[in-house]
Amino acid sequence: MDNINYIDMPVSEFTAALASSSPAPGGGGASALAAALGASLGCMVGELTVGKPKYAANEPRLRELIAEAQSLRERLLTLVDADAEAFLPLAEAYRLPKDAPDRGAVMEKCLADAAAVPMEILELSCRGIALQEEFAALGSSLAVSDAGTGAVFAWAAMYGAALNVLANTRLMADRERAEDMNRSVNKLMQEYRVRADRVYGDIFAKLSDK
């Protein structure tokens, strides 16, 4: 299989690939990109705040947040390609004859690999929401809308990644492994959908207050 390098494509080419009939890139890669955009917005909030005397007390923590958000952004970008790389073998496995002796084992490995990448995207998206909570609290009030937007991107990525995990675990023969992953998904979703909603709601209320 040729090396996949979607993330270095111009935006117009990547979205065209996403809109095509190709099985990859798909929802997992799109979710990783959305989460990376959210992390980037958090960095922007931090960068627009550091150096301002009004926020001098917040600067040490903001610099830590910026560094973590940059690391998060970089990892999420690698997962855009990793998601496609994990899914394409699964697409090939579906084409194996039903009576192929190794079909079950091949399918199981491919399903596990295809679920693992969106699981990481989900976990990192949740971390992105936690970062936006702090960027919103510590960053410049002039950039608070960007923290809210970053939380929305991470929120969307979280939902998309969760669906992509579940689409694979439902087909796994190893139900113990599948249910363990499903429980992890449910736990993260229950906590972070509330936190993301609170970040957005607080910022929306602040900006709409007259």
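Hi everyone, let's start with helix H6: its buried residues pack against helix H4 (103–138) and helix H5 (144–169). Please keep in mind that this is a predicted model.

Which residues of H6 are we talking about? The buried ones are Ala178, Met181, Asn182, Val185, Leu188, Met189, Tyr192, Arg195, Ala196, Val199 and Ile203.

Now let's move towards the start of the chain. Please find the peptide bond from alanine 24 to proline 25. Is that bond cis or trans? In this model it is cis, with omega near 5°. Proline 25 sits in the loop between helix H1 (11–19) and H2.

That brings us to H2 and its partner. Helix H2 takes in residues 27–49 and helix H3 residues 59–93, and their axes come within 8 Å of each other. They cross at roughly 160°. An angle over 145 degrees counts as roughly antiparallel, and therefore that is how H2 and H3 run relative to each other. The crossing is left-handed.

So who meets whom here? On the H2 side, we have Gly28, Gly29, Ala32, Leu33, Ala35, Ala36, Ala39, Ser40, Cys43, Gly46, Glu47 and Thr49. On the H3 side, they meet Leu62, Ile66, Ala69, Gln70, Leu72, Arg73, Leu76, Leu77, Leu79, Val80 and Asp83. Sorted by class, this contact has 14 nonpolar, six polar and three charged residues.

Is threonine 49 buried or exposed? Its relative accessibility is 0%, and under 20% means buried, so threonine 49 counts as buried. What does threonine 49 touch, beyond its neighbours within four places in sequence? The contacts are Tyr55, Leu62, Leu138, Gly139 and Ser140.

One last stop, over in helix H3: proline 89. With 30% relative accessibility, proline 89 counts as partly exposed, because that value falls between the 20% and 50% limits. Its C-alpha atom is separated by 9.3 Å from that of aspartate 113, 24 residues apart along the chain.

Conventions:
Residues are numbered from 1 along each chain as its sequence is written. This is a predicted model: local features need pLDDT of at least 70, side-chain atom pairs count only at pLDDT 80 or more; totals for chains, interfaces and linings use all residues. Side-chain values use heavy atoms; hydrogens and water are left out. Axes are lines fitted to C-alpha atoms, for helices over the stretch in contact, and angles run from 0 to 180 degrees between N-to-C directions. Helices (H or I, at least four residues) and strands (E, at least two) are DSSP runs, numbered from the N terminus. Angles under 35 degrees count as roughly parallel, over 145 as roughly antiparallel, 65 to 115 as roughly perpendicular and the rest as oblique. A crossing is left-handed if the near helix is turned anticlockwise from the far one by less than a right angle, and right-handed if clockwise. Contact means heavy atoms within 4.5 Å. Ala, Val, Leu, Ile, Met, Phe, Trp, Tyr, Cys and Pro count as nonpolar, Asp, Glu, Lys and Arg as charged, and the others, Gly among them, as polar. Buried means under 20% relative accessible area, exposed over 50%, partly exposed in between (1.4 Å probe, protein chains only).
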